[in-house]
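Please read the points with the model open alongside.

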Amino acid sequence: MSFLARGEAGNPWFSWSYVRDNSDTIRDALLDHVAITVWSVAIAVAIAVPLAVLAYWVRPLATPILTSASVLYTIPSLALLAFLAPFLGTGRTPVIVALVMYALIVIIRNSLTGLQQVPGDVREAATAMGYGRAARLLRVELPLALPSILTGLRLATVSTVALVTVGAAVGSQGGLGALILSGFRNNFYKAQIATAALICVLLALVLDLLLVALTRALTPWTRRAKA
């Protein structure tokens with residue numbers, strides 16, 4: 001990696017020279033960050049929504065499911081990655097596994113809340129129309145719970161973007177976190193640290209805006225209700 005920006009006015013917090021000379025490295029780190037985030041959130045959704053449905057259908061399981069997911073969320077990220085690394089290696093896999101574990105509670109809680117907020121008379125009407133439990137879930141309850149589910153998805157995505165950076169601290173792939181850590185190790189190279197941190201924030205903002213647009217597209221009735 002080139003560090004020509006060092007000769008410019010000491011050690012500034014931002015340098016176009018650094019961005020220009022290291023554009024390929026920054027791009028690769030960004031793409032790695034996006035890939036880890038997307039995989040982690042997608043897997044978390046695939047696990048969390050069925051768990052929320054199970055907690056919704058079998059009420060006694062709601063507390064154990066939420067408690068278990070909450071306990072996973074409280075595990076320090078560095079300790080979790082250090083525990084997973086000997087079993088899963090130091091590539092993307094342990095980082096994704098850890099991020100999935102952290103995203104579960106947010107998505108489960110919001111999905112379960114959305115399902116529980118479906119009006120009782122709506123459920124009764126669906127049952128009277130001949131919908132079984134599965135059909136009622138797919139055609140009535142999940143669509144009505146979608147705004148809450150997507151809110152959980154947004155929260156999980158933004159937090160995941162931030163947590164990806166921690167993966168670099170244990171030798172794993174950490175996307176933009178690898179640049180941040182490298183900047184600290186390289187005599188506190190401010191331009192590298194600030195550039196990676198700024199791109200990370202912008203990535204979280206862009207993904208959140210995309211999910212807001214997706215929410216608006218998938219739930220047009222919420223806009224009509226507000227109007």
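In what order do the elements of the protein chain run from the N terminus on?

1. Overall make-up. The model is a predicted one. From the N terminus on, its elements run α-α-α-α-α-α-α-α-α-α. The secondary structure comes to 10 helices and 0 strands. Taken along the principal axes, the C-alpha atoms fill a box of roughly 75 × 45 × 20 Å.

2. Helix 3 against helix 5. Helix 3 covers residues 62–74 and helix 5 covers residues 92–116. Their axes come within 7 Å and cross at roughly 145°, and the crossing is left-handed. On the side of helix 3, the contact is made by Ala62, Ile65, Leu66, Ala69, Ser70, Leu72 and Tyr73. Helix 5 contributes Met101, Tyr102, Leu104, Ile105, Ile108, Arg109 and Leu112. By class, the residues of this contact divide into 12 nonpolar, 1 polar and 1 charged.

3. Helix 6 against helix 7. Helix 6 is made of residues 120–128, and its axis lies 10 Å from that of helix 7. The two helices pack at an angle of about 160°, and they are therefore roughly antiparallel to each other. Their crossing is right-handed. Val122, Arg123, Ala126 and Thr127 of helix 6 make the contact with Arg136, Val140, Glu141 and Leu144 of helix 7. These residues divide into 4 nonpolar, 1 polar and 3 charged.

4. Cavities in general. How many cavities of 30 Å³ or more does a search of the whole structure find? The search finds 2. The next two points take them in turn.

5. The largest cavity. Its volume is about 50 Å³. The lining consists of Ser77, Leu81, Val95, Ala98, Leu99, Tyr102, Leu163, Val164, Val166 and Gly167. Helix 4 (77–88) and helix 5 are the elements that give two or more residues to this lining. Helix 5 gives the most, with 4 residues. By class, the lining has 8 nonpolar, 2 polar and no charged residues.

6. The second largest cavity. About 30 Å³ of space lies here. The residues that line the second largest cavity are Tyr73, Leu99, Tyr102, Ala103, Ala156, Ser159, Thr160 and Leu163. Helix 5 and helix 7 each supply at least two residues of the lining, and the largest share, 4 residues, comes from helix 7. The lining divides into 6 nonpolar, 2 polar and no charged residues.

7. Which helix gives the largest share of the lining of the second largest pocket? Helix 2 does, with 4 residues. The pocket has a volume of about 160 Å³. Thr37, Val38, Val41, Ala42, Leu153, Thr157, Leu207, Leu210 and Leu211 line the pocket. The elements that give two or more residues to this lining are helix 2 (23–57), helix 7 (133–163) and helix 9 (190–218). By class, the lining of the pocket has 7 nonpolar, 2 polar and no charged residues.

Conventions: Residues are numbered from 1 along each chain as its sequence is written. This is a predicted model: local features need pLDDT of at least 70, side-chain atom pairs count only at pLDDT 80 or more; totals for chains, interfaces and linings use all residues. Side-chain values use heavy atoms; hydrogens and water are left out. Axes are lines fitted to C-alpha atoms, for helices over the stretch in contact, and angles run from 0 to 180 degrees between N-to-C directions. A crossing is left-handed if the near helix is turned anticlockwise from the far one by less than a right angle, and right-handed if clockwise. Contact means heavy atoms within 4.5 Å. Ala, Val, Leu, Ile, Met, Phe, Trp, Tyr, Cys and Pro count as nonpolar, Asp, Glu, Lys and Arg as charged, and the others, Gly among them, as polar. On a 1 Å grid over the protein atoms alone, a cavity is a set of points where a 1.4 Å probe fits but cannot get out, and a pocket is an open set with protein on both sides within 12 Å along at least five of seven lines; lining residues have an atom within 4 Å of a point. Grid points are joined across faces, edges and corners, and a volume is the space filled by probe spheres set on the points. Angles under 35 degrees count as roughly parallel, over 145 as roughly antiparallel, 65 to 115 as roughly perpendicular and the rest as oblique.
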